[in-house]
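Here's a quick tour of the model below, for anyone about to set up calculations on it. Have the viewer open while you read.

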Amino acid sequence: MIIAIDGPSGAGKSTIGKILAKKLGLTYLDTGAMYRAVGLAVLRANIDPADTKTIINLAKNLSIEFKDLGDELRIFLDGEDVSEQIRDESVSKMASIVSTIPEVRRILVELQRQIGMESRNGCVLDGRDIGTVVFPDADFKFFLTAKPEARARRRYEENLKKGAQTSYEETLAEIQDRDLRDTSRLDSPLQIPENAFVIDTSEMDLEEVLSQLLDIISQRRKAAN
């Protein structure tokens, strides 16, 4: 079973994806972490973001792996656990830039498909083009969204807990900039997949969103039997 969860930055895709996968006994794949890993590699190599040729060559030769260590899925870049490093704001910004490069997307999409198909019981994947490009025939397709202000508030509160020095206004501006890049890029722009269930999480808490997804999956499974 393949479950695709798409949506804009800060809509809660990763959090919901992890919990949903655990509830259903499926593999969880945070595809955004892959782009972050490439972004981290670009920063470490001090490559000019405009030098797409060098970035593509770098991406082709990177080893990106996910390893299940207990209850946590960790991401490894060339054998190094970079699960914490990829969450840095500078890495996030670079990931947003490299994700607009079509060749980089194609490299990572193939890896995502491979992981999804090789998952023993099935896989929950979250990202921005899962239901449209990576797995357009996914068994379930969800599109989580929320008002920019709601997403900025959540991200701002997360950053405060991490000790990041940023304002709500700056966070909102970053969310809006990311939305513009994601929806306007020529290759695999963010859009609602065909036949996807759209859920606005602006006024919903985690349990409410999770309950709605599980209800939809349960009802569809019963109807199919």
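How many bridges join S1 to S6, and do they run parallel or antiparallel? There are five bridges between S1 and S6, and the two strands run parallel. Keep in mind that this is a predicted model.

- Five strands make up an open sheet, ordered S2-S6-S1-S7-S8, with parallel pairing.
- The edges are strand S2 (27–30) and strand S8 (197–200), each of which pairs on one side only.
- On average, neighbouring strands of this sheet are turned by 20 degrees against each other, ignoring direction.

**Who pairs with whom**

- S2 pairs with strand S6 (residues 123–127) in the parallel sense, over four bridges, and Tyr28 sits opposite Val124 of S6.
- Val124 in S6 also has Ile3 standing opposite.
- S1 and S7 run parallel and are joined by four bridges.
- On the S7 side, Phe142 is the bridge partner of Ile5, while Phe143 is the bridge partner of Asp6.
- Four bridges also link S7 to S8, again running parallel, and here Thr145 stands opposite Asp200 in S8.

**How covered the strands are**

- S1 is mostly covered, with five of its five residues buried.
- From S1, Ile2, Ala4 and Asp6 point one way and Ile3 and Ile5 point the other way; all are buried.
- Why call S7 largely enclosed by the rest of the structure? Because five of its six residues are buried.

**Helices on the sheet**

- Helix H1 (residues 13–24) lies across strand S1 (2–6), S2, S6 and strand S7 (140–145), and runs at about 165 degrees to S1.
- Helix H9 (residues 206–224) packs on the sheet too, touching S1, S7 and S8, and its direction makes about 160 degrees with that of S7.

- Is Asp30 buried or exposed? Asp30 has a relative accessible area of 7%, which is under the 20% cut-off, so the residue counts as buried.
- The side chains of Asp30 and Arg87 are joined by a polar contact of 3.0 Å.
- Asp30 also uses its side chain to reach the backbone nitrogen of Gly32, at 3.1 Å.
- Leaving aside residues up to four places away in sequence, Asp30 touches Ser14, Phe66, Arg87 and Asp126.

**The largest pocket**

- The largest pocket has a volume of about 1200 Å³.
- The lining of this pocket consists of 47 residues, and Gly10, Ser14, Arg36, Arg155 and Glu158 are the ones nearest its centre.
- Which elements each supply at least two residues of the lining? They are H1, helix H2 (31–44), helix H4 (89–98), S6, helix H7 (148–161), helix H8 (168–184) and H9.
- H7 gives the largest share of the lining, at seven residues.

Conventions. Residues are numbered from 1 along each chain as its sequence is written. This is a predicted model: local features need pLDDT of at least 70, side-chain atom pairs count only at pLDDT 80 or more; totals for chains, interfaces and linings use all residues. Side-chain values use heavy atoms; hydrogens and water are left out. Two strands pair if DSSP finds at least two bridges between them. Axes are lines fitted to C-alpha atoms, for helices over the stretch in contact, and angles run from 0 to 180 degrees between N-to-C directions. Contact means heavy atoms within 4.5 Å. Buried means under 20% relative accessible area, exposed over 50%, partly exposed in between (1.4 Å probe, protein chains only). A polar contact is a pair of N or O atoms within 3.5 Å; within protein, one must be able to donate a hydrogen and the other to accept it, and residues adjacent in sequence count only if both atoms are side-chain atoms. On a 1 Å grid over the protein atoms alone, a cavity is a set of points where a 1.4 Å probe fits but cannot get out, and a pocket is an open set with protein on both sides within 12 Å along at least five of seven lines; lining residues have an atom within 4 Å of a point. Grid points are joined across faces, edges and corners, and a volume is the space filled by probe spheres set on the points.
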